[in-house]
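Dear colleague,

I am passing on to you the structure discussed below, together with a summary of what was found in it. Please read the summary alongside the sequence and the coordinates.

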Amino acid sequence: MTNVIAVPPSLDDYSFEQVLEQLAPLPADAKILIDARHARWASPYGLTALLTLAQTRAERPALAVPELDETASYWARAAFFQHAEALYDLHGAYPKRRDTGESNVLLEITPIAKSDDIHTIVGQVQERLKRIIQGELKLETKAVLGFTMTLSEVCQNIIEHAGQGGWVAVQSYRWTKRLGRRVVVIAVCDAGLGFRRSLESAPGHLPSARWDDAAALEEAVIRGVSRFRDRGRGQGLAGARNYVGRWQGKLSVRSGTARIAIVPPWDDDVPLAEGLPQFPGAQVQVIIPEHAPAAASQGSGR
Amino acid sequence: MMNHIDVSSVLRQTVACDLYSNLVTRSTGAAVRGQIERLLGDFGDAGGRALTVIDFSHVAMIDFSCADEVVAKLLMRYADADAPGDAYFLFRGVNDDHWDAISAVLDRHGLALALEADDGVRVVGVLSDDERRAWRAAYDLGRVGAADVASELGADTADAERALDSLCRRRLVMRVDGDYVAVGGGFIGGQ
């Protein structure tokens with residue numbers, strides 16, 4: 001029997017939880033069909049998380065592609081189908097060749113498996129980032145550099161801690177529904193060890209009385225703890241945290257059954273969510289919004 | 001002896017690609033530091049003290065992990081009692097695009113370095129007020145004794161000597177025949 005998992009029309013970090021809730025009762029070897037026919041929009045997080053999901057399955061899953069041409073075309077431009085072909089049995093028509101026209105895709109979905117991949121990624125996005133962050137988000141030059149550093153550090157998180165490869169995508173778009181401003185977004189997802197298991201592998205690790213995915217995320221993201229005892233480790237996520245704070249951005253990290261977020265004034269997310277459906281690895285999202293002097297007074301609209 | 005290491009050149013040799021000008025990733029940083037240490041070893045073969053300019057002029061950006069490897073670990077290794085050589089560093093070409101990452105790792109490890117700017121050399125990072133003032137006096141005065149620095153600062157000679165000795169251990173001041181010379185200061189005689 002094939003279990004059909006419905007993809008919400010708008011697929012982002014929040015609505016992806018609906019996908020995971022449907023998956024939660026199923027064993028890893030259950031046959032599943034990810035039904036994205038009615039998907040209309042997907043964030044970089046949504047697309048990279050879908051690829052990651054396939055990597056968590058013991059049985060090769062199927063995916064029904066979006067019916068709307070515009071959506072399928074965008075997913076193709078983001079290189080989703082290029083990678084999904086290796087992970088899913090794809091059902092339905094989708095563009096086989098990527099449209100290379102003007103796009104909000106700053107970095108199409110890109111696999112990260114080794115350090116050299118990050119050099120290539122950083123080299124690819126620098127000029128385009130400069131145009132988007134200064135020209136469209138109206139932020140200072142310094143924001144471009146910080147964004148690139150943050151991109152590098154969150155990608156390195158995969159190489160250093162996941163124990164296997166992952167995915168990164170960067171996109172800019174107008175976030176009408178929630179913010180009413182342009183944003184530039186990094187999504188980095190892997191199906192690897194996750195923060196709890198990574199920290200547990202530290203020499204001499206002693207779990208605290210309350211040791212779970214949420215505690216591990218607090219250690220890593222808030223306190224800069226790493227599985228390495230080297231004092232210089234753990235600066236990457238700390239740097240990303242400082243960067244999003246400076247530019248009123250948002251950082252969220254999901255791992256296992258928990259998600260931690262650095263929440264800006266424009267958002268009403270919870271700082272720590274526990275008891276989420278189990279999902280392996282780590283999923284990181286960074287959102288930097290367009291400069292707006294009255295940003296702090298805007299509601300999220302969610 | 002004054003040596004020069006162009007970090008961008010070392011980076012290109014290390015990652016074997018002429019297109020890369022970004023110092024990113026910890027593994028790249030470790031490889032670049034390894035190559036810098038090999039070059040320092042070659043310089044050291046000439047014997048004695050060596051002042052080396054670490055030149056970031058052609059580096060586009062550096063991330064935190066790479067700064068930790070290239071800057072922090074380099075400074076710590078040569079400030080250690082078991083350092084492989086008598087090496088001092090003057091950092092050149094560090095601009096705003098590099099500074100966030102470098103200052104973060106200096107803060108994290110409690111380190112300081114001598115930085116060349118358009119208007120001269122200054123020390124940056126984590127220093128006590130006494131160390132900062134003593135370094136400035138030594139830099140302004142040239143080759144000096146502790147008494148000269150104490151006189152300049154209106155301080156006790158013992159206090160000035162303590163600060164200068166601390167700066168020597170941190171590789172920010174050289175000891176030359178009983179005198180002190182700030183790294184980046186003009187006069188390095190008696191080598």
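The paragraphs below describe chain B, then chain A, and then what the chains share.

Please bear in mind that this is a predicted model.

Chain B

Chain B contains seven helices and nine strands. Its C-alpha trace extends over about 55 × 35 × 30 Å along the principal axes. The radius of gyration of chain B is 17 Å, which agrees with the value near 16 Å that a compact globule of 191 residues would have. Of those 191 residues, 46% count as buried. Among the contacts in chain B that link residues at least 6 apart in sequence, 66% are between residues at least 24 apart.

Five strands of chain B make up an open sheet, ordered β1-β3-β5-β6-β7 and with mixed pairing. The edges are formed by β1 (2-6) and β7 (120-125) of chain B; each has a single partner strand, so one side of each lacks a neighbour in the sheet. From one strand to the next, the twist averages 30°. Within this sheet, β3 (residues 50-55) and β5 (residues 87-92) of chain B run parallel and are joined by six bridges. Opposite B:D55 stands B:R92, in β5(B).

Chain A

Chain A has an open sheet of seven strands in the order β7-β8-β9-β13-β10-β11-β12, and the pairing is antiparallel. Its edge strands, β7 (105-112) and β12 (272-273) of chain A, each pair on one side only. Strands β8 (residues 166-175) and β9 (residues 181-190) of chain A are paired in the antiparallel sense over 10 bridges. A:W175 has A:R181, in β9(A), as its bridge partner. Packed on the sheet is helix α6 (residues 141-162) of chain A, which touches β7, β8, β9 and β13 (279-289) of chain A. The direction of α6(A) makes about 15° with that of β9(A).

Which residues of helix α3 (residues 69-77) of chain A are buried? They are A:T71, A:A72, A:Y74 and A:W75. These residues lie on the same side of α3(A), because the arc they cover around the axis is only 160°. The exposed residues A:D69 and A:E70 are carried by the face of α3(A) turned away from the buried side. The cover over the buried residues of α3(A) includes β4 (41-42), α2 (44-55) and α4 (80-87) of chain A. After α3(A) comes A:A79, which has a positive phi, near 70°.

The core and the contact between the chains

The largest nonpolar core has 152 residues, of which A:V184, A:V286, B:A67, B:A138, B:L164 and B:V173 touch the most other members. Helix α6(A) gives the most to this core, with 11 residues. Leaving aside residues up to four places away in sequence, A:V184 touches A:L106, A:I132, A:I133, A:L137, A:F147, A:V170, A:S172 and A:I288.

Where the two chains meet, 24 residues of chain B are in contact with 18 residues of chain A. On the side of chain B that touches chain A, α2 (26-44), α3 (64-79) and α4 (96-109) of chain B each supply at least two residues. The largest share of that side, eight residues, is provided by α4(B).

With kind regards

Conventions: Residues numbered from 1 in each chain as written. Chains lettered and ligands numbered in written order. Predicted model: local features only at pLDDT ≥ 70, side-chain atom pairs only at ≥ 80, totals over all residues. Helix = DSSP H or I, 4+ residues; strand = E, 2+ residues; numbered from the N terminus. Rg over C-alpha atoms; globule rule 2.2 N^0.38 Å. Buried ≥ 20, exposed ≤ 12 C-beta atoms within 10 Å, placed from the backbone. Contact = placed C-beta atoms within 7 Å. Arc of directions from axis to C-beta. Pairing = 2+ DSSP bridges. Axes fitted to C-alpha atoms, helices over the stretch in contact; angles between N-to-C directions. Core = buried A, V, L, I, M, F, W, Y, C linked by C-beta atoms within 7 Å.
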